[in-house]
Amino acid sequence: MPIRALIVDDSSVMRKIVERSLRQAGIDLTTVLEAGNGAEALAALQTNAVDLILCDINMPVMDGLEFIKQLPGVANAKDVPVVMITTEGSESHVVQALSCGARGYIRKPFTPEQVKEHVVPVLGGKS
Amino acid sequence: MKSVGEQRAVEGGHETWIPLLDTATREVFELMLGCPLTVPTSAEAVKPEFTAMVGLAGQLSGVLSVRCDGKAAALMTSKMLGVELSKVGPEVSDALGEVCNMVAGNFKNKISGLAEGCMLSPPTVVTGTDYSLHSLGADSPGLEIRLLFESRPIVISLLIQS
């Protein structure tokens, strides 16, 4: 099934790597929206529906944890799975992200196989 | 792995971290750029046209930097974006900053307690050649490794603040 993804990372290069990794993982991306921080991502979700969100944690303006805390109030983000992709590898960050609603957690550096391993299950058969 | 001074502790104190810094760097290049790094056979000088830096604060305070010449930085960007070298543009600084960020994060995640107790700053990238890098309070132990990326030298340094 075609997937519409929102990739949130303050590095444009990393956003491209994540997109490429998703495609290499066999995910059929039809639309890829990009945002440089949580605030930009919330703005993008006001006018766009997506099936999957991949999000960094450390970003300026609004970080990834604050962003996912606000997602329940966004109509276009209801029940949309969020997978964190970050250099922050501590257990507390993982626990915090999962308790805020993230469904998966990928540590940088990563392989397309790891992306597949964490993303495909949260798509619930959509991929 | 240590040979002919290509890989050295600048001063004593944290030499046991050198293999971890080496592994952290190699993993980033292998996984994200698809390029294994090699050990130089001679002490090649690096023309540091690009220096990416990430600050560490908390249980470990310091600055991790990645230095390389412009060709190496452009090659890294090309590999990361999956585009031809001739198509690489202004995203070079972003790419090198992200490499430095991943090396710093991967390194701290390999040291017990640091994943939790050490925060990373956003990357800063300096371009040019006529500058020197000085971190206040970092006159105590530091680590440095030199590796080859696509036959071009890169230097990864960790200045540790006392």
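An axis here is a line fitted to C-alpha atoms, for helices over the stretch in contact, and the angle between two axes runs from 0 to 180 degrees between their N-to-C directions. Keep that in mind as you open this structure, which is a predicted model.

**Stop 1: two helices in chain A**

Select helix α1 of chain A, residues 12–24, together with α5(A). How do their axes cross? They come within 8 Å of each other and cross at roughly 75°. Angles from 65 to 115 degrees count as roughly perpendicular, so α1(A) is roughly perpendicular to α5(A).

Now show the side chains where the two helices touch. On the α1(A) side, pick Ser21(A), Leu22(A) and Gln24(A); they meet Pro112(A), Val115(A) and Val119(A) of α5(A). Colour this contact by class and you will find four nonpolar residues, two polar ones and no charged ones.

Stay with α1(A) for a moment. This helix has 13 residues and spans 18 Å from its first C-alpha to its last, close to the 18 Å expected at 1.5 Å a residue. Which of its residues are buried? Select Val13(A), Met14(A), Arg15(A), Lys16(A), Ile17(A), Val18(A), Ser21(A) and Leu22(A). Notice that Arg15(A) and Lys16(A) are on that buried list along with Leu22(A). Following α1(A) you will meet Gly26(A), with a positive phi near 90°.

**Stop 2: two loops in chain A**

Go to the loop between β3 (52–55) and α3 (64–70) of chain A and click on Val61(A). Val61(A) is not a glycine, yet its phi is positive, about 70°. Is Val61(A) buried or exposed? It has 12 C-beta neighbours inside 10 Å, and because 12 or fewer counts as exposed, Val61(A) is exposed.

Next, select Pro109(A), in the loop between β5 (104–107) and α5 (112–122) of chain A. What kind of peptide bond joins Lys108(A) and Pro109(A)? It is a cis bond, with omega about 0°.

**Stop 3: an overview of chain B**

Chain B has 162 residues, of which 41% count as buried. Among its contacts with a separation of 6 or more, 67% are between residues 24 or more positions apart.

**Stop 4: helix α3 of chain B**

Select residues 92–109 of chain B, which make up helix α3. This helix has 18 residues and reaches 26 Å between its first and last C-alpha, close to the 26 Å expected at 1.5 Å a residue. How many residues of α3(B) are buried? The helix is mostly covered, with 16 of its 18 residues buried.

The crossing of α1(B) past α3(B) is right-handed. From α1(B), show Leu20(B), Leu21(B), Ala24(B), Thr25(B), Glu27(B), Val28(B) and Met32(B), which meet Val99(B), Met102(B), Val103(B), Asn106(B) and Phe107(B) of α3(B). By class, this contact has nine nonpolar, two polar and one charged residues.

**Stop 5: where the chains meet**

Show both chains and look at the contact between them: 21 residues come from chain B and 18 from chain A. Which elements of chain B give two or more residues to this side? They are α1 (18–32), α2 (70–81), α3 and α4 (114–117). The most comes from α3(B), with eight residues. Sorted by class, the chain B side holds ten nonpolar, six polar and five charged residues.

**Stop 6: the last strands of chain B**

Find Glu150(B) in the loop between β6 (142–149) and β7 (152–160) of chain B. Glu150(B) has a positive phi of about 50° although it is not a glycine. With 16 other C-beta atoms within 10 Å, Glu150(B) is partly exposed.

Finally, select Val155(B) in strand β7 of chain B. Val155(B) is also partly exposed, with 18 other C-beta atoms within 10 Å. Which residues does Val155(B) contact, leaving aside neighbours within four places in sequence? Show Val46(B), Arg67(B), Glu144(B) and Arg146(B). To finish, draw a distance from the C-alpha of Val155(B) to that of Cys35(B): these atoms are separated by 16 Å, with the residues 120 apart along the chain.

Note on methods. Residues numbered from 1 in each chain as written. Chains lettered and ligands numbered in written order. Predicted model: local features only at pLDDT ≥ 70, side-chain atom pairs only at ≥ 80, totals over all residues. Buried ≥ 20, exposed ≤ 12 C-beta atoms within 10 Å, placed from the backbone. Contact = placed C-beta atoms within 7 Å. Helix = DSSP H or I, 4+ residues; strand = E, 2+ residues; numbered from the N terminus. Expected span 1.5 Å × (residues − 1). Nonpolar A, V, L, I, M, F, W, Y, C, P; charged D, E, K, R; others polar. Left-handed = near helix turned anticlockwise from the far one by under 90°. Parallel < 35°, antiparallel > 145°, perpendicular 65-115°, else oblique.
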